[in-house]
Amino acid sequence: MLAFLLVAGRAYAQNNAVTLTPALVEAGSPELLHFESSRDARPDADWLGRKVLFFPAHGGHDWFALAGVDVEAATGPSVLRVVIGSGKDSIDLSRTVEIHPAHYRTGALTVPPKFVEPGPEALKQIEADSKLKAKVFAASAPEPLWSGNFRAPVVAPPTDSFGTRRIFNGKLASIHKGMDFRAATGTPVRAGNSGVVVLARPLYYEGNCVIVDHGLGLWTISMHLSRIDVKEGQHLATGELLGLSGATGRVTGPHLHWAVRWQDAYLDPAKLLKLDLSGVR
Ligand SMILES: [Zn+2]
(Lines give C-alpha, C1' and ligand atoms only; values in the text may rest on other atoms or scores of the structure.)
Protein backbone atom coordinates (compact mmCIF):
# COMPACT_ATOMS: atom_id res chain seq x y z
CA MET A 1 0.00 0.00 0.00
CA LEU A 2 1.43 3.35 -1.05
CA ALA A 3 0.54 6.80 0.14
CA PHE A 4 2.24 10.07 -0.65
CA LEU A 5 2.22 13.18 1.45
CA LEU A 6 2.85 16.49 -0.28
CA VAL A 7 4.95 18.79 1.85
CA ALA A 8 6.18 22.08 0.39
CA GLY A 9 5.76 20.76 -3.14
CA ARG A 10 7.76 17.62 -2.49
CA ALA A 11 6.33 14.15 -2.28
CA TYR A 12 7.41 12.03 0.66
CA ALA A 13 6.69 8.38 0.62
CA GLN A 14 4.94 6.74 3.49
CA ASN A 15 5.01 3.04 4.32
CA ASN A 16 7.45 2.30 1.54
CA ALA A 17 10.88 2.44 3.12
CA VAL A 18 13.72 0.47 1.55
CA THR A 19 14.19 -2.79 3.45
CA LEU A 20 17.35 -4.89 3.55
CA THR A 21 17.57 -8.67 3.90
CA PRO A 22 19.41 -9.88 5.95
CA ALA A 23 18.46 -7.02 8.29
CA LEU A 24 21.77 -7.25 10.17
CA VAL A 25 24.21 -5.87 7.59
CA GLU A 26 27.81 -7.11 7.95
CA ALA A 27 30.99 -6.53 5.95
CA GLY A 28 30.92 -9.18 3.21
CA SER A 29 27.16 -9.58 3.29
CA PRO A 30 24.98 -9.82 0.17
CA GLU A 31 21.78 -7.80 0.62
CA LEU A 32 18.40 -8.00 -1.07
CA LEU A 33 17.01 -4.46 -1.20
CA HIS A 34 13.28 -3.90 -1.66
CA PHE A 35 10.71 -1.13 -1.78
CA GLU A 36 7.21 -0.71 -3.13
CA SER A 37 6.36 1.90 -5.72
CA SER A 38 3.71 2.51 -8.32
CA ARG A 39 6.16 4.59 -10.36
CA ASP A 40 7.55 2.78 -13.37
CA ALA A 41 10.89 4.62 -13.29
CA ARG A 42 14.02 2.88 -12.03
CA PRO A 43 15.32 4.90 -9.05
CA ASP A 44 18.71 6.53 -9.04
CA ALA A 45 20.49 4.71 -6.24
CA ASP A 46 23.95 4.22 -4.82
CA TRP A 47 25.53 2.74 -1.73
CA LEU A 48 29.15 2.87 -0.55
CA GLY A 49 30.25 4.38 -3.87
CA ARG A 50 28.55 1.75 -6.03
CA LYS A 51 25.56 2.29 -8.30
CA VAL A 52 22.60 0.14 -7.18
CA LEU A 53 20.46 -1.13 -10.08
CA PHE A 54 16.90 -1.91 -9.01
CA PHE A 55 14.62 -4.02 -11.21
CA PRO A 56 10.81 -4.24 -11.17
CA ALA A 57 8.99 -7.44 -10.17
CA HIS A 58 5.40 -8.63 -9.67
CA GLY A 59 4.04 -6.39 -12.40
CA GLY A 60 6.10 -3.38 -11.38
CA HIS A 61 4.69 -2.90 -7.88
CA ASP A 62 7.80 -4.24 -6.18
CA TRP A 63 11.35 -3.11 -6.86
CA PHE A 64 14.37 -5.21 -5.88
CA ALA A 65 18.15 -5.01 -6.10
CA LEU A 66 20.68 -7.68 -5.24
CA ALA A 67 23.61 -5.74 -3.79
CA GLY A 68 26.04 -6.09 -0.91
CA VAL A 69 28.87 -4.82 1.24
CA ASP A 70 32.48 -5.61 0.34
CA VAL A 71 34.37 -7.84 2.77
CA GLU A 72 36.84 -4.97 3.34
CA ALA A 73 34.18 -2.24 3.83
CA ALA A 74 34.57 0.12 6.80
CA THR A 75 32.11 -0.58 9.60
CA GLY A 76 29.74 2.07 10.95
CA PRO A 77 26.92 4.08 9.41
CA SER A 78 26.57 4.31 5.62
CA VAL A 79 24.06 6.12 3.41
CA LEU A 80 21.94 4.13 1.00
CA ARG A 81 20.72 6.76 -1.44
CA VAL A 82 17.53 5.92 -3.36
CA VAL A 83 15.70 8.65 -5.29
CA ILE A 84 12.75 8.01 -7.59
CA GLY A 85 12.19 10.57 -10.33
CA SER A 86 13.66 14.06 -10.34
CA GLY A 87 12.72 17.61 -9.42
CA LYS A 88 9.49 18.43 -7.56
CA ASP A 89 7.97 15.00 -8.06
CA SER A 90 10.95 13.07 -6.78
CA ILE A 91 10.60 10.68 -3.89
CA ASP A 92 13.60 10.29 -1.65
CA LEU A 93 13.81 6.91 0.05
CA SER A 94 17.41 7.34 1.21
CA ARG A 95 18.28 5.86 4.56
CA THR A 96 21.17 5.12 6.88
CA VAL A 97 22.46 1.56 7.06
CA GLU A 98 24.75 0.44 9.87
CA ILE A 99 27.59 -1.84 8.70
CA HIS A 100 28.50 -4.31 11.43
CA PRO A 101 31.87 -6.06 11.63
CA ALA A 102 31.95 -9.72 10.64
CA HIS A 103 34.40 -11.92 12.49
CA TYR A 104 36.76 -13.51 9.99
CA ARG A 105 39.81 -15.55 10.95
CA THR A 106 43.53 -15.37 10.14
CA GLY A 107 45.34 -18.32 8.58
CA ALA A 108 48.79 -19.18 7.26
CA LEU A 109 49.40 -21.50 4.34
CA THR A 110 52.19 -22.70 2.07
CA VAL A 111 52.06 -22.68 -1.73
CA PRO A 112 54.82 -23.23 -4.35
CA PRO A 113 57.27 -20.23 -4.38
CA LYS A 114 56.31 -19.31 -8.00
CA PHE A 115 52.96 -18.07 -6.66
CA VAL A 116 54.54 -15.77 -4.05
CA GLU A 117 57.45 -14.48 -6.17
CA PRO A 118 56.37 -14.96 -9.80
CA GLY A 119 59.12 -14.76 -12.45
CA PRO A 120 59.10 -12.40 -15.48
CA GLU A 121 57.10 -14.81 -17.71
CA ALA A 122 54.53 -15.34 -14.99
CA LEU A 123 54.29 -11.59 -14.37
CA LYS A 124 53.44 -11.13 -18.06
CA GLN A 125 50.61 -13.64 -17.77
CA ILE A 126 49.36 -12.13 -14.50
CA GLU A 127 49.27 -8.71 -16.20
CA ALA A 128 47.37 -10.10 -19.21
CA ASP A 129 44.96 -11.92 -16.86
CA SER A 130 44.14 -8.78 -14.91
CA LYS A 131 43.46 -6.82 -18.13
CA LEU A 132 41.14 -9.59 -19.30
CA LYS A 133 39.31 -9.73 -15.94
CA ALA A 134 38.91 -5.93 -15.92
CA LYS A 135 37.26 -6.19 -19.35
CA VAL A 136 34.98 -9.04 -18.25
CA PHE A 137 33.87 -7.23 -15.08
CA ALA A 138 33.29 -3.94 -16.94
CA ALA A 139 30.10 -5.28 -18.55
CA SER A 140 27.09 -7.16 -17.22
CA ALA A 141 23.62 -7.98 -18.57
CA PRO A 142 21.21 -5.04 -18.14
CA GLU A 143 18.62 -7.22 -16.37
CA PRO A 144 18.81 -9.98 -13.76
CA LEU A 145 19.56 -13.36 -15.35
CA TRP A 146 19.21 -15.31 -12.09
CA SER A 147 15.96 -16.86 -10.96
CA GLY A 148 15.13 -18.14 -7.47
CA ASN A 149 17.65 -19.17 -4.86
CA PHE A 150 21.35 -19.70 -5.49
CA ARG A 151 22.53 -23.25 -4.90
CA ALA A 152 25.92 -24.65 -3.94
CA PRO A 153 28.10 -25.39 -7.00
CA VAL A 154 29.30 -28.78 -5.72
CA VAL A 155 28.15 -31.54 -3.42
CA ALA A 156 31.09 -31.25 -1.01
CA PRO A 157 31.69 -29.89 2.49
CA PRO A 158 31.96 -26.07 2.52
CA THR A 159 34.45 -24.30 4.77
CA ASP A 160 34.06 -20.99 6.60
CA SER A 161 37.16 -19.66 4.86
CA PHE A 162 35.57 -16.51 3.39
CA GLY A 163 37.19 -13.34 4.72
CA THR A 164 40.18 -15.13 6.27
CA ARG A 165 43.35 -13.01 6.35
CA ARG A 166 45.98 -15.20 4.73
CA ILE A 167 49.74 -15.26 5.02
CA PHE A 168 51.31 -17.12 2.10
CA ASN A 169 54.69 -18.71 2.90
CA GLY A 170 55.09 -16.25 5.78
CA LYS A 171 55.15 -13.27 3.37
CA LEU A 172 52.28 -12.23 1.18
CA ALA A 173 49.10 -11.25 3.02
CA SER A 174 45.71 -11.22 1.35
CA ILE A 175 42.07 -11.62 2.22
CA HIS A 176 40.39 -14.80 1.05
CA LYS A 177 37.48 -13.52 -1.04
CA GLY A 178 35.68 -16.76 -1.78
CA MET A 179 34.46 -19.96 -0.23
CA ASP A 180 36.41 -23.19 -0.46
CA PHE A 181 34.63 -26.50 -0.89
CA ARG A 182 36.59 -29.65 -0.06
CA ALA A 183 35.97 -31.33 -3.40
CA ALA A 184 38.16 -34.13 -4.76
CA THR A 185 39.51 -33.60 -8.28
CA GLY A 186 36.83 -34.55 -10.80
CA THR A 187 33.80 -33.46 -8.74
CA PRO A 188 31.10 -31.93 -11.01
CA VAL A 189 30.87 -28.14 -10.61
CA ARG A 190 27.51 -26.61 -11.47
CA ALA A 191 26.11 -23.14 -12.12
CA GLY A 192 24.90 -21.61 -8.83
CA ASN A 193 22.12 -19.88 -10.75
CA SER A 194 21.17 -19.12 -14.34
CA GLY A 195 23.40 -16.75 -16.31
CA VAL A 196 25.89 -16.37 -19.15
CA VAL A 197 29.49 -17.66 -19.21
CA VAL A 198 31.68 -14.58 -19.69
CA LEU A 199 35.08 -16.22 -19.09
CA ALA A 200 36.10 -19.87 -19.44
CA ARG A 201 39.88 -20.31 -19.68
CA PRO A 202 43.07 -20.88 -17.66
CA LEU A 203 44.50 -17.99 -15.59
CA TYR A 204 47.72 -17.90 -13.56
CA TYR A 205 46.42 -17.74 -9.97
CA GLU A 206 42.85 -18.93 -10.60
CA GLY A 207 43.86 -21.94 -12.72
CA ASN A 208 41.05 -23.12 -15.02
CA CYS A 209 38.41 -20.50 -14.31
CA VAL A 210 34.75 -20.02 -15.21
CA ILE A 211 32.95 -16.72 -14.60
CA VAL A 212 29.15 -16.59 -14.90
CA ASP A 213 27.36 -13.25 -15.27
CA HIS A 214 24.02 -13.22 -13.43
CA GLY A 215 23.16 -9.70 -14.60
CA LEU A 216 23.16 -6.22 -13.04
CA GLY A 217 26.79 -6.55 -11.96
CA LEU A 218 26.59 -9.90 -10.15
CA TRP A 219 28.96 -12.75 -11.00
CA THR A 220 29.96 -16.14 -9.58
CA ILE A 221 33.50 -17.38 -10.17
CA SER A 222 34.70 -21.01 -10.06
CA MET A 223 38.45 -21.57 -9.84
CA HIS A 224 41.10 -24.31 -9.93
CA LEU A 225 39.02 -26.57 -12.22
CA SER A 226 40.62 -29.69 -13.73
CA ARG A 227 38.30 -29.39 -16.74
CA ILE A 228 36.14 -26.68 -18.30
CA ASP A 229 32.95 -27.90 -20.01
CA VAL A 230 31.45 -24.57 -21.15
CA LYS A 231 32.26 -21.89 -23.71
CA GLU A 232 32.29 -18.12 -23.35
CA GLY A 233 28.90 -16.75 -24.41
CA GLN A 234 27.02 -19.90 -23.39
CA HIS A 235 23.77 -19.53 -21.40
CA LEU A 236 23.49 -21.77 -18.34
CA ALA A 237 20.51 -22.88 -16.30
CA THR A 238 20.80 -23.30 -12.53
CA GLY A 239 22.62 -26.53 -11.77
CA GLU A 240 24.03 -26.99 -15.28
CA LEU A 241 27.50 -28.56 -15.40
CA LEU A 242 30.30 -26.05 -16.04
CA GLY A 243 33.32 -28.26 -15.38
CA LEU A 244 35.13 -30.51 -12.91
CA SER A 245 36.93 -29.40 -9.76
CA GLY A 246 40.68 -29.71 -9.52
CA ALA A 247 43.93 -28.20 -8.28
CA THR A 248 45.07 -25.81 -11.05
CA GLY A 249 46.55 -22.35 -10.24
CA ARG A 250 47.58 -21.18 -6.76
CA VAL A 251 46.39 -23.99 -4.51
CA THR A 252 47.60 -26.12 -1.65
CA GLY A 253 45.51 -29.06 -2.85
CA PRO A 254 42.34 -29.98 -4.77
CA HIS A 255 39.30 -27.87 -3.89
CA LEU A 256 36.72 -25.59 -5.47
CA HIS A 257 37.15 -21.88 -4.78
CA TRP A 258 33.80 -20.21 -5.42
CA ALA A 259 33.51 -16.43 -5.31
CA VAL A 260 30.57 -14.04 -5.50
CA ARG A 261 31.28 -10.60 -6.91
CA TRP A 262 28.88 -7.65 -7.05
CA GLN A 263 30.44 -4.81 -9.07
CA ASP A 264 33.93 -4.68 -7.50
CA ALA A 265 32.82 -6.01 -4.10
CA TYR A 266 33.37 -9.58 -2.93
CA LEU A 267 30.51 -11.08 -0.93
CA ASP A 268 30.25 -14.12 1.32
CA PRO A 269 28.95 -17.02 -0.82
CA ALA A 270 27.60 -18.81 2.28
CA LYS A 271 25.34 -15.84 2.99
CA LEU A 272 24.15 -15.71 -0.64
CA LEU A 273 23.25 -19.40 -0.49
CA LYS A 274 21.11 -18.71 2.61
CA LEU A 275 19.31 -15.72 1.07
CA ASP A 276 15.68 -16.53 0.20
CA LEU A 277 15.11 -15.23 -3.33
CA SER A 278 12.30 -17.64 -4.21
CA GLY A 279 9.56 -15.01 -4.15
CA VAL A 280 11.52 -12.38 -6.03
CA ARG A 281 11.70 -13.71 -9.57
ZN1 LIG B 1 39.91 -20.33 -1.98
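1. The zinc ion has three protein donors: His176 (NE2), Asp180 (OD) and His257 (ND1), at 2.1 to 2.2 Å from it. Donors here are N, O and S atoms within 2.8 Å of the metal (3.2 Å for Na, K and Ca); water is not among the atoms, so sites may look incomplete. Along the chain, the donors follow the spacing H-x3-D-x76-H. His176 sits in the loop between β14 and β15 (179-181), and His257 in strand β23, 81 residues apart. Both His176 and His257 are buried (under 20% relative accessible area, 1.4 Å probe, protein chains only).

2. On the basis of the note: this is a predicted model, where local features need pLDDT of at least 70, side-chain atom pairs count only at pLDDT 80 or more, and totals for chains, interfaces and linings use all residues. Residues are numbered from 1 along each chain as its sequence is written, and side-chain values use heavy atoms, with hydrogens and water left out.

3. The largest pocket has a volume of about 800 Å³. Its lining has 31 residues; closest to the centre are Tyr205, Glu206, Met223, Arg250 and His257. A pocket is an open set of points on a 1 Å grid over the protein atoms alone, where a 1.4 Å probe fits, with protein on both sides within 12 Å along at least five of seven lines; lining residues have an atom within 4 Å of a point. Volume is the space filled by probe spheres set on the points, joined across faces, edges and corners.

4. α1 gives the most to this pocket's lining, 6 residues. Helices (H or I, at least four residues) and strands (E, at least two) are DSSP runs, numbered from the N terminus.

Note on methods. Buried means under 20% relative accessible area, exposed over 50%, partly exposed in between (1.4 Å probe, protein chains only).
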